[in-house]
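Please look through the structure shown below, and then work through the questions and answers that follow it.

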Amino acid sequence: MKKTTLLILLFISSLTIAQDFNITKSEIFKDKKKHSFLSFAIDDQDGGLITVRRYLGGFPFKKIKGYYIEHFDKDLKLKNEFDYEVDKSRIENAFVKDGKLHLIEFENLSKEDQIVYRALSTDINNFNFKSKELLSISEDNIKTYFGFSLFTVFFNNGVDQMDGDHLGEVIMSKNNKFFAINFDFKDKEKETHKIFVFNDNLEMVYDKLIVKDIKDRLFKYNSIDVDDQDGSVYFLGKSFENNSTKKKKKGKANYHFELSKINKNGEKIASFKNPDKFIGSLSLVKNNGKISCVGFYGNKDEGKYNGACLFNLNPTSLALDAEKYNPFSETFLSDKYGDREGKKKRKKKKGLTAIKFRSIEAMPNGDLVINAEEDYITTHTTFGPNGTTSTTTVQHYDDIISLRLNNQGDLKWARNINKAQTGYQNSSFTPISVGEKTYFFINCSDKLKKLRDDRIQFKQTSAKNSNLYAISIDGDGAYDIKKLIDKKDSKVYYKVNNGIVSDHKNEVILLGKRKKDSQVIKINI
């Protein structure tokens with residue numbers, strides 16, 4: 001381990017790696033609004049790029065006030081732009097087909113007791129949007145969509161009648177051939193969803209009402225995926241048992257996972273569990289002819305993770321082909337805790353906490369790369385004179401956790417990248433896997449903190465002083481690092497917590513910001 005980390009430090013001192021990055025920058029431009037965020041970055045199918053940025057306004061509580069839509073050529077020279085102002089609507093997804101940009105918009109018309117989904121379409125060379133209604137659900141026509149008046153208080157009760165604000169989650173298939181709108185309704189007696197599937201011609205292919213014979217509070221929706229070949233929908237959730245939401249009964253897991261395959265012909269369901277492993281949630285990924293359900297597991301409790309798990313299922317029959325549990329490796333624990341064997345042993349047994357998924361990526365050979373981060377909030381209370389108190393909350397984005405599994409679910413490597421960051425502005429990272437390597441784009445200080453046992457930690461810095469770095473892990477689990485943009489050479493910092501992997505899958509789009517100054521960059525690998 002010491003030999004490996006020493007090589008890392010020597011490598012950092014040179015700040016060079018064999019892999020080249022091609023960086024293209026737009027001109028610095030001014031935003032009318034200070035707070036804007038990258039929502040979508042879409043290939044225009046002619047070498048250029050279309051970005052959709054939401055911007056916020058209002059006081060004291062900010063909300064979405066509109067979207068900047070910009071079309072750049074291959075060199076990120078601005079060709080065209082449009083400012084789309086909104087009130088009670090939001091853009092849920094976007095795609096380009098045959099020279100046209102399509103935005104999928106949701107609008108809540110509360111005065112009319114109506115929710116509407118529409119497609120806004122325009123030629124990419126001349127922004128002039130035309131609207132086409134996809135769905136319009138009101139108290140008058142709800143029976144048409146749901147078969148009967150299922151939700152008698154839906155429109156009086158508003159958003160409270162929805163689970164997790166699922167006023168129509170929009171999910172695109174891998175190559176944007178299909179998209180699904182998923183409604184998740186509160187019904188105390190049964191878990192109820194309604195899914196509408198459209199093709200890229202904006203035509204409804206089918207719709208399905210999904211009713212599970214389990215109380216709403218006993219089912220937790222996890223993940224959804226849309227097949228790019230026929231528009232089938234894979235729907236994954238966690239079903240609690242024994243009429244209780246307790247996570248364990250008599251020391252065993254009190255739940256199982258259910259995977260449904262839904263298409264115009266009906267629904268097929270498979271369930272799986274391991275009573276001795278505790279899994280908070282699973283995420284779906286379509287991978288080389290398989291459906292993979294991936295997550296972190298604990299040996300004794302949820303939320304105290306001891307490793308990564310994978311379930312491979314046949315996409316047609318939903319038969320379980322493989323089930324694997326990979327404990328965190330010795331290399332991973334040494335990355336995180338150094339060479340103190342006692343501490344590694346305790347932490348391995350106790351498990352890690354506050355891990356949040358950032359991405360699951362399928363490699364060309366069928367391997368899966370899981371990227372996660374330690375993501376948590378702390379609360380601090382201070383006491384002043386005369387008995388006054390002040391409470392603040394701090395958002396933490398700490399270590400990066402990355403694991404690679406082969407196509408049978410066996411662990412190839414697991415690495416922990418030590419990092420300590422707080423706040424939202426320039427923290428977290430954007431991941432991407434290209435070829436045999438996985439890359440992480442992060443902001444950090446020039447000064448890397450040296451930890452015990454020849455380890456390093458990327459340090460927090462202000463947005464003003466952020467340097468953009470790329471960390472890579474190769475197919476054998478070895479690190480590389482390069483500084484891509486020095487703070488002295490940039491008028492903006494780059495929002496790595498808001499980066500988007502392009503449709504080409506070999507480049508990342510980042511938005512640079514400083515007050516009202518903005519810039520878009522494209523990093524090609």
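A residue is called buried when its relative accessible area is under 20%, exposed when it is over 50%, and partly exposed in between, with a 1.4 Å probe and protein chains only. Helices (H or I, at least four residues) and strands (E, at least two) are DSSP runs, numbered from the N terminus. This is a predicted model, in which local features need pLDDT of at least 70 and side-chain atom pairs count only at pLDDT 80 or more, while totals for chains, interfaces and linings use all residues. Residues are numbered from 1 along each chain as its sequence is written, and side-chain values use heavy atoms, with hydrogens and water left out.

Q: How many of the ten residues of strand β5 are buried?
A: Strand β5 covers residues 63–72. It is largely enclosed by the rest of the structure, because the number of its ten residues that are buried is seven.

Q: Which residue of β6 stands opposite I69?
A: Two strands are said to pair if DSSP finds at least two bridges between them. Seven bridges join β5 to strand β6 (residues 78–85), and these strands run antiparallel. In the hairpin that they form, with five residues between the strands, L76 takes a positive phi near 60°. Within β6, the residue opposite I69 is F82.

Q: How many bridges join strand β4 to β5?
A: β4 and β5 form a hairpin with five residues between them, and G58 in the turn has a positive phi of about 105°. Strand β4 (residues 49–57) and β5 run antiparallel, and the number of bridges that join them is nine.

Q: Is the peptide bond from F59 to P60 cis or trans?
A: Most residues other than glycine have a negative phi, and most peptide bonds are trans. P60 is found in the loop between β4 and β5. The bond from F59 to P60 has an omega near 0°, and it is cis.

Q: What is the relative accessible area of L202?
A: L202 lies in the loop between β13 (191–199) and β14 (204–212). Its phi is near 65°, a positive value in a residue other than glycine. L202 counts as buried because its relative accessible area is 8%.

Q: What is the phi of S428?
A: S428 lies in the loop between β30 (419–422) and β31 (430–434). At 3% relative accessibility, S428 counts as buried. As a residue other than glycine with a positive value, S428 has a phi near 70°.

Q: Which residue stands opposite I401 in β29?
A: β29 is mostly covered, since five of its seven residues are buried. Six bridges join β28 to β29, and the two strands run antiparallel. Inside β29, the residue opposite I401 is N416.

Q: What is the relative accessibility of Y305?
A: Y305 is found in the loop between β23 (290–298) and β24 (307–313). Leaving out residues up to four places away in sequence, Y305 touches F296, Y297, G298, F328, G351, L352 and I355. Y305 counts as buried because its relative accessibility is 13%.

Methods. Contact = heavy atoms within 4.5 Å.
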